Structures are given as C-alpha cells and as structure tokens.
Amino acid sequence: MEAVMAKKVVVPESLSEDGKKYLTDRGIELVEVPTTSGENILKYGQDADGIILFVDSIGEDVVAQMPNLKIIARHGVGYDNVDLDASAKHGVWVTITPHANAATVAETTIAEIFDLSKNLTNISNAMRRGDSGYEMKHRGFDLSGKTLGIMGYGRIGHWVAKKASALDMNILIYNRTPKESAYGKFVDFDTVIKEADVLTLHLASTPETKHIIGKQQLAAMKASSVIVNLGRGSLIDEAALIEALRNRTIAGAALDVFEKEPLPKESPLFTLDNVLLTPHIGSNTVESFSRMATDAASEVVRVLDGEKPQWPVNEVK
C-alpha cells in the first residue's frame, strides 16, 4: 500500500510554539522559514499545502507556482498584504484571526497614548544621555478632560473605547457605519478630526480609506493634538504627516505601522523628536501570539481536512 504523504505547511520560524504544536500534533509537516517572503516560500516550500503568513506580501506570482496550496492563514486581522482575487482564482482560501489580538492591540494603543501624553520615551532617552533638564522643557499633558477621537469601531476600536473610558476622557467615535456604544458618542468625520486631542486610527485598509488622513485633515486638527496609528500605514499620507510634524501643525504622533514596512532607515520620521516609532508591535505579547498562531493553525487544519474555514476573507468555489 502506498504511504500517504504528510501535508506540508510553511510557517515562520518565530511562530509561537503553541501554533507549531497544534499542527504537528495533527500529523502536519512544518516547513520553517526565517520570513514568509515569496522568495523563501518558493525556495523551501513550493509544494506546501498551506502557509501561515505574518506581514509579508503574497500575490499571483507566488500562488500560481504552488500547485498544492489550499490556504493562506494570516497571523492577525489585516489582509491587505494578500491578493484575495488571485488566491481565490487558484482555489486558495485566505483567513484571518479576528478574535486573537483585538484586546492586545487596544492595550498597546493605550500604552502609546500614555507615552505621547507624558513624553516618556523622549525623557527616558534624555536621561540616559545625561540631559537632566530635558523634562522641564518638554512637559506632557493630562488625558483627563481631553477628547479621544476613535476612527474605526470594529473589534479594536471597541476595546480602545472601553479601556479609555476609565481615563475620564470625552470619547468621540467615527465609523463608516454608525453603531451603538456605551463608551462614546458617534460623530461625523469632520467633527472627530477637529475636536480630538488624541486621534487614534483603527480603520481597515481599503481603497476608500487610503490616505484618509492627509494634508487637509492634519491642517484641520488642533495644533496641540496628537495622532496615533496602530491600524495600517496606508491610512495616513506619510509625506503630509512628516510635514505637519516638522511644522508643528500637530503636536506629535505615535506610529506602529507605515506605508512601507519595515520603515526605511532613510525615512525623515527618524529625525523628528515629536514622533514615537514602534515596529508593528501592536499585538506583540506572548498571549496574543499564542492565540493568533493557534487560531491560524486551526484554520489550516480545517481546510486541509476538506472543511470550510471559520474566518475566510475571500470565497473559493
């Protein structure tokens, strides 16, 4: 009798051990790669049946060369790095992990808001340099009594509102489809831009939301306001933001996502002292990574067992 070949799944080396174990316990062979770039996937796992994908991009050029591929399971909720149409055309499901990291990203959002409001990172760095007078010239601001503007009220936006409701802030929410919220008031786009002291972005990346924050919107914000982006880099016109930060059109920003990732070393953002930069770490906790890895792995197993996935973002016929 001919032996049945084990299914193969390409996974990042840094995938949580919980996710790897979920797969190997079910007889799946892992193809571990340093990064899930198209080049690495084709080099090491061209015959793979599935892929667990971090933030690398995958399109027609990769999918078309993988005859056994059945699923690309995103480790997270964003999927603008995957060509959904090309995947569907080749019979490949694309899935996300919608319940795994929302509360964690919300916590990181609140952490970055605290950092901006109290200038923590800059003061800490100045202290390390021996600049003992920096903090007196760079004072922070209270969050209590200020207005928090939340753009996008999906899972993450909801958790941000819930957690921020304990900070005695006035919470305004903009969402393309108004919903109910126990934590804030829904307002129109222009109102949240003009009234927010802290504006945080949690919209999905779509053609409609590309550069939804540009020169005009930045000019309409308060000069004392700050903007926080843990959504997607495409939501902000980066060149316009750099200009606004240089000219102090707004007071500051905290950015965890960028139009190009990783952020190029030559980016002017690195030269500005009124922007907090973090390398896409919104969900970077032990617990969140375990949940995302396990949820992504469960989708892989479900599809390779011939079932429909729980959390697809495309439709395979």
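Trainee: Which residues in H5 meet which residues in H8?

Mentor: Please bear in mind that this is a predicted model. Helix H5 covers residues 102-118 and helix H8 covers residues 155-164. From H5 come Ala 102, Ala 103, Val 105, Ala 106, Glu 107, Thr 109 and Ile 110, and they meet Arg 155, Ile 156, Trp 159, Val 160, Lys 163 and Ala 164 in H8.

Trainee: How many nonpolar residues has the contact of H5 with H8?

Mentor: Sorted by class, the contact of H5 with H8 includes one polar residue and three charged residues. The nonpolar residues in this contact number nine.

Trainee: Is the crossing of H5 and H8 right-handed or left-handed, and at what angle do the two helices pack?

Mentor: The axes of H5 and H8 lie 8 Å apart. The crossing is right-handed. The two helices pack at an angle of about 50°.

Trainee: Which strands does H5 lie across, and at what angle does H5 run to E10?

Mentor: H5 lies across strand E6 (147-151), strand E9 (198-201), E10, E11 and E12. These strands belong to an open sheet of seven strands with parallel pairing, in the order E8-E7-E6-E9-E10-E11-E12. The angle of H5 to E10 is about 150°.

Trainee: Which are the edge strands of the seven-strand sheet?

Mentor: An edge strand here pairs on one side only. The sheet order begins with E8 and ends with E12. The edge strands are thus named as strand E8 (185-186) and strand E12 (275-277).

Trainee: Which residue in E11 stands opposite Val 226?

Mentor: Strand E10 (residues 226-229) and strand E11 (residues 252-255) pair in the parallel sense, with four bridges between them. Opposite Val 226 stands Gly 252.

Trainee: What is the order of the strands in the open sheet of five strands, and which strands stand at the edges?

Mentor: The order is E2-E1-E3-E4-E5, and the pairing is parallel. The strands at the edges each have a single partner strand, so one side of each lacks a neighbour in the sheet. They are strand E2 (29-33) and strand E5 (93-95).

Trainee: Which residue in E3 stands opposite Val 9?

Mentor: Strand E1 (residues 8-12) and strand E3 (residues 50-53) run parallel and are joined by two bridges. The residue opposite Val 9 is Gly 50.

Trainee: Which strands does helix H12 touch?

Mentor: Helix H12 (residues 286-304) packs on the sheet, and its direction makes about 165° with that of E4. The strands that H12 touches are E1, E3, strand E4 (71-74) and E5.

Trainee: Which residues of H1 make the contact with H12?

Mentor: The crossing of H1 and H12 is right-handed. On the H12 side, the contact involves Ser 290, Ala 293, Thr 294, Ala 297, Ser 298, Val 300 and Val 301. On the H1 side, the residues are Asp 18, Gly 19, Tyr 22 and Leu 23.

Definitions and conventions:
Residues numbered from 1 in each chain as written. Predicted model: local features only at pLDDT ≥ 70, side-chain atom pairs only at ≥ 80, totals over all residues. Heavy atoms only, no water. Axes fitted to C-alpha atoms, helices over the stretch in contact; angles between N-to-C directions. Left-handed = near helix turned anticlockwise from the far one by under 90°. Contact = heavy atoms within 4.5 Å. Nonpolar A, V, L, I, M, F, W, Y, C, P; charged D, E, K, R; others polar. Pairing = 2+ DSSP bridges.
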